Amino acid sequence: MSASPSLYVDRETFLHRLNARSKLALITGVFVAAYVFGDPRWVFVPLAATFLALVAVGGWPNFKRLSFIVVALFLIGFAVWPAFTHGGGAPLLETPLGTLTEREVLFALGRSERIAAFIVGGLLFVTTTSNEEIVAGMRSLGLPYAFCFAVGTALRLFPTFLGSANTVRQAQAARGHEPGGRNPVTLLRSYIPLMIPVFMTAIRNVQTQAMALEARGFDTRGERSFYNKQPFTAADWATAGFGIALAVGAIALRLQGYGTV
């Protein structure tokens, strides 16, 4: 696991040179495309596109750091979502508790891919955009500084969260507990002892930072300035336009009945 304190990867790529606002528009379009469709074959398109882009900009180490979270959420979603839809199509698995149909599997797979697309898309954004650029970009959109500061702080604490997860995982492995298993249910259950101490550590870190800010008299109401101001170039306009067109096109296709289970 990488020891880098940040998820930002300093590279000279097209996405790195874009303004944070245009990247927000692009990633919003990707999220809309992943959200409006339910068919896993349609949701796979934005998921695969963001994953390939993430690898191309040097984000593979970041993905490996988050892979256990992506796997856990994917498996949890795949196990839970069939309970929230009605059956249909050919039966695929019959158990004493009920029958799992083709429609339920496709529905669960589509929802799990959607969650994975959100995580990979967000990871692509923070891999190509520093915390300072994110806060400055959101502030230039007119968002309240308190909200921008909260987002920047959450992104700054996220690597600490990952470090805590690795520490807990190593401590539990030293005591004989190692998450894994070929059975999805067994694999899912093996992650539960890992999640609880990780979330408790994250809550404790947030409380500590809140007390530190309060002790220093931090006030979000004052006017703020930023050292680096990125220009909004023609490439940014084109990227933002593509993001908006992607969102509108996805919604239009969904309204015409495409991409449903």
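Me: In what order do the elements of the protein chain run from the N terminus on?
Reply: This is a predicted model. Its protein chain has nine helices and two strands. From the N terminus on, the order is α-α-α-α-β-β-α-α-α-α-α.

Me: What percentage of the residues in the protein chain is buried?
Reply: The C-alpha atoms fill a box of roughly 65 × 55 × 35 Å along the principal axes. The chain exposes about 15000 Å², with 65% of that from carbon and sulfur atoms. Of the 261 residues, the buried share is 37%.

Me: Among contacts between residues at least 6 apart in sequence, what percentage joins residues at least 24 apart?
Reply: A contact here means heavy atoms within 4.5 Å. Take the contacts in the protein chain between residues at least 6 apart in sequence; the share that joins residues at least 24 apart is 75%.

Me: Is α3 roughly parallel or roughly perpendicular to α5?
Reply: Helix α3 covers residues 40-56 and helix α5 residues 102-128. Their axes come within 8 Å and cross at roughly 25 degrees. Angles under 35 degrees count as roughly parallel. Therefore α3 is, relative to α5, roughly parallel.

Me: Does α3 pass α5 in a left-handed or a right-handed crossing, and how many nonpolar residues does the contact have?
Reply: The crossing of α3 with α5 is left-handed. On the α3 side the contact includes V43, F44, L47 and F51, and on the α5 side L109, V120 and L124 are among the residues involved. Four polar and two charged residues take part. The nonpolar residues number 14.

Me: Is α4 roughly parallel or roughly perpendicular to α7?
Reply: The axes of α4 (residues 60-80) and α7 (residues 145-174) come within 11 Å. They cross at roughly 70 degrees. The range from 65 to 115 degrees counts as roughly perpendicular. So α4 is, relative to α7, roughly perpendicular.

Me: How many charged residues does the contact of α4 with α7 have?
Reply: From α4 come R65, L66, F68 and I69. From α7 come F158, P159, F161, L162, A165 and R169. By class, eight are nonpolar and no polar residue takes part. The charged residues number two.

Me: Is R111 buried or exposed?
Reply: R111 lies in helix α5. Beyond residues up to four places away in sequence, R111 touches G38 and W81. Its C-alpha atom is 7.7 Å from that of P40, 71 residues away along the chain. The relative accessibility of R111 is 16%, and the cut-off is under 20%, so R111 counts as buried.

Me: Which residues does F125 touch, not counting residues up to four places away in sequence?
Reply: F125 also lies in helix α5. Because its relative accessibility is 11%, F125 counts as buried. Sequence neighbours up to four places away aside, F125 touches A20, K23, L24 and I134.

Me: What separates the C-alpha atoms of V261 and E102?
Reply: V261 sits in the segment after α9 (234-255). At 35% relative accessibility, V261 counts as partly exposed. Neighbours within four places in sequence aside, its contacts are G38, D39, P40, R103, L106 and F107. V261 and E102 are 159 residues apart along the chain, and their C-alpha separation is 9.8 Å.

Terms used:
Residues numbered from 1 in each chain as written. Predicted model: local features only at pLDDT ≥ 70, side-chain atom pairs only at ≥ 80, totals over all residues. Heavy atoms only, no water. Axes fitted to C-alpha atoms, helices over the stretch in contact; angles between N-to-C directions. Helix = DSSP H or I, 4+ residues; strand = E, 2+ residues; numbered from the N terminus. Parallel < 35°, antiparallel > 145°, perpendicular 65-115°, else oblique. Left-handed = near helix turned anticlockwise from the far one by under 90°. Nonpolar A, V, L, I, M, F, W, Y, C, P; charged D, E, K, R; others polar. Buried < 20%, exposed > 50% of the residue type's maximum accessible area, 1.4 Å probe, protein only. Areas by Shrake-Rupley, 256 points an atom, 1.4 Å probe, with all protein chains shown as cover.
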